[in-house]
Number of protein chains: 2
Amino acid sequence: METQNTSEMVKDIFTGYLENKGYRKTPERYAIVDTIYSHNGHFDVESLYAQMKNRNYRVSRATIYNTIDLMADAKLLIKHQFGDGITQFERVYNYKQHDHMICTQCGKVIEFFDDRIEDIKQSISDSTGFQIDSHVVYFHGICKECNKK
Amino acid sequence: METQNTSEMVKDIFTGYLENKGYRKTPERYAIVDTIYSHNGHFDVESLYAQMKNRNYRVSRATIYNTIDLMADAKLLIKHQFGDGITQFERVYNYKQHDHMICTQCGKVIEFFDDRIEDIKQSISDSTGFQIDSHVVYFHGICKECNKK
DNA sequence: ATACATGCAAACTGTTTGCACGAAG
DNA sequence: CTTCGTGCAAACAGTTTGCATGTAT
């Protein structure tokens with residue numbers, strides 16, 4: 001099962017990260033990693049907190065913030081600020097590279113993919129000496145549905 | 001003088017926008033537009049507020065927020081959230097189209113330009129029916145200087 | 001046994017809101 | 001004269017911080 005594998009892989013990467021940095025392997029941290037990797041979409045801290053409550057995990061918001069930072073550092077998730085004021089996150093390991101279009105009318109976020117972005121990263125990196133680890137691309141505009149109205 | 005022209009053009013666009021929307025032409029709004037277009041770089045609300053105080057303009061933060069929203073709507077500025085929690089803005093009219101690289105180590109923001117991004121926008125727009133008005137591209141990584149250390 | 005991580009609540013910060021006053025139309 | 005915009009301060013929301021307790025090492 002593919003999901004199973006991803007989940008295991010992520011746990012291993014995270015364990016390696018913690019060991020490497022000398023951080024402790026607490027059950028709370030693993031519970032958070034697990035919950036995040038149990039679904040694909042974007043999420044914010046508040047809904048993650050609610051979801052973990054539902055699963056009967058007892059973790060505080062502070063620990064969620066802390067663990068999210070660790071995961072971002074370990075390249076297991078990425079932070080988004082689409083402009084509505086709420087910071088969103090999404091898992092990044094083994095999930096198809098993609099970018100986002102945001103409708104300025106209805107707020108919908110649509111994913112798209114274009115591999116020319118990798119080419120651009122390569123050449124900018126080559127010409128500037130800036131080592132590019134990750135990227136974020138947002139296209140703002142009016143989605144198909146809103147445009148019909 | 002080129003700056004003079006830009007400033008005049010922007011004022012005209014803004015006036016047209018206000019008239020079109022039926023909003024009032026208040027001195028505070030023009031003072032804010034003027035101050036923003038008196039420099040090029042990124043800025044946040046707090047530093048703009050301070051700068052206007054120095055110029056002896058009396059405007060409240062609330063009015064700054066309000067006017068910034070109008071300018072964004074009029075496509076005279078763009079909003080950035082580079083990830084440090086502070087929302088930054090930058091003028092956009094008659095300023096070379098560019099994007100940003102953010103050093104995750106020292107926080108530096110470097111501008112770069114690549115016109116292939118326009119090609120991508122075009123083809124994504126064609127294939128999805130999403131009307132793309134503007135874009136934001138962030139490359140995250142380690143800048144040349146930090147990489148030397 | 002010794003820090004480090006957690007939970008909780010209080011503190012903090014950037015932004016929004018409500019209201020009375022002032023000015024644009 | 002009417003209504004919208006402003007200034008001010010209070011409210012708000014998301015995030016960070018401090019401290020006592022718990023627990024991984």
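Which residues does B:R91 touch, not counting residues up to four places away in sequence? In this predicted model, the residues that B:R91 touches under that condition are B:T6, B:I36, B:Y37, B:H39, B:N40, B:L76 and B:L77.

**Two buried residues of chain B**

B:R91 belongs to strand β2 of chain B, which covers residues 88-91, and its relative accessibility of 7% places it under the 20% limit, so B:R91 counts as buried. Its side chain makes a polar contact with the side chain of B:N40 at 2.8 Å, and the side chain of B:R91 also reaches the backbone oxygen of B:Y93, at 3.4 Å. B:N40 is therefore both one of the residues that B:R91 touches and its side-chain polar partner, while B:R91 itself is buried.

B:K121 is found in helix α5 of chain B, residues 116-128, and with a relative accessible area of 10% this lysine is buried. Leaving aside residues up to four places away in sequence, B:K121 touches B:I132, B:S134 and B:H135 in its own chain, and A:F139 in chain A. With B:H135 there is a polar contact between the two side chains, at 2.9 Å. As for B:I132, which stands eleven residues from B:K121 along the chain, the C-alpha atoms of the two residues are separated by 6.9 Å.

**The contact between the chains**

Chain A brings 35 residues to the contact, and chain B likewise brings 35 residues. The area buried between chain A and chain B is about 3,000 Å², and carbon and sulfur atoms give 62% of it. Of the area that chain A buries against chain B, 23% is supplied by A:I120, A:F130 and A:F139, which is more than any other three residues supply. One of these, A:F139, is also the chain A residue that B:K121 touches.

**Enclosed space**

Rolling a probe the size of a water molecule over the atoms shows where empty space is left. The structure holds two cavities of 30 Å³ or more, and they are set side by side below.

| Cavity | Volume | Lining residues by class |
|---|---|---|
| Largest | about 50 Å³ | eight nonpolar, no polar, no charged |

The lining of the largest cavity takes residues from both chains, namely A:I117, A:I120, A:V137 and A:F139 together with B:I117, B:I120, B:V137 and B:F139. The elements that give two or more residues to this lining are α5 (116-128) and β5 (131-142) of chain A, along with α5 and β5 (131-142) of chain B.

**Helix α2 of chain A**

In chain A, helix α2 spans residues 27-36, and because seven of its ten residues are buried, the helix is largely enclosed by the rest of the structure. The buried residues of α2(A) are A:R29, A:Y30, A:A31, A:I32, A:V33, A:T35 and A:I36.

Technical notes: Residues are numbered from 1 along each chain as its sequence is written. Chains are lettered from A and ligands numbered from 1 in the order in which they are written. This is a predicted model: local features need pLDDT of at least 70, side-chain atom pairs count only at pLDDT 80 or more; totals for chains, interfaces and linings use all residues. Side-chain values use heavy atoms; hydrogens and water are left out. Buried means under 20% relative accessible area, exposed over 50%, partly exposed in between (1.4 Å probe, protein chains only). Helices (H or I, at least four residues) and strands (E, at least two) are DSSP runs, numbered from the N terminus. Contact means heavy atoms within 4.5 Å. A polar contact is a pair of N or O atoms within 3.5 Å; within protein, one must be able to donate a hydrogen and the other to accept it, and residues adjacent in sequence count only if both atoms are side-chain atoms. On a 1 Å grid over the protein atoms alone, a cavity is a set of points where a 1.4 Å probe fits but cannot get out, and a pocket is an open set with protein on both sides within 12 Å along at least five of seven lines; lining residues have an atom within 4 Å of a point. Grid points are joined across faces, edges and corners, and a volume is the space filled by probe spheres set on the points. Ala, Val, Leu, Ile, Met, Phe, Trp, Tyr, Cys and Pro count as nonpolar, Asp, Glu, Lys and Arg as charged, and the others, Gly among them, as polar. Buried area is the accessible area (1.4 Å probe) that two parts lose on being put together, summed over both.
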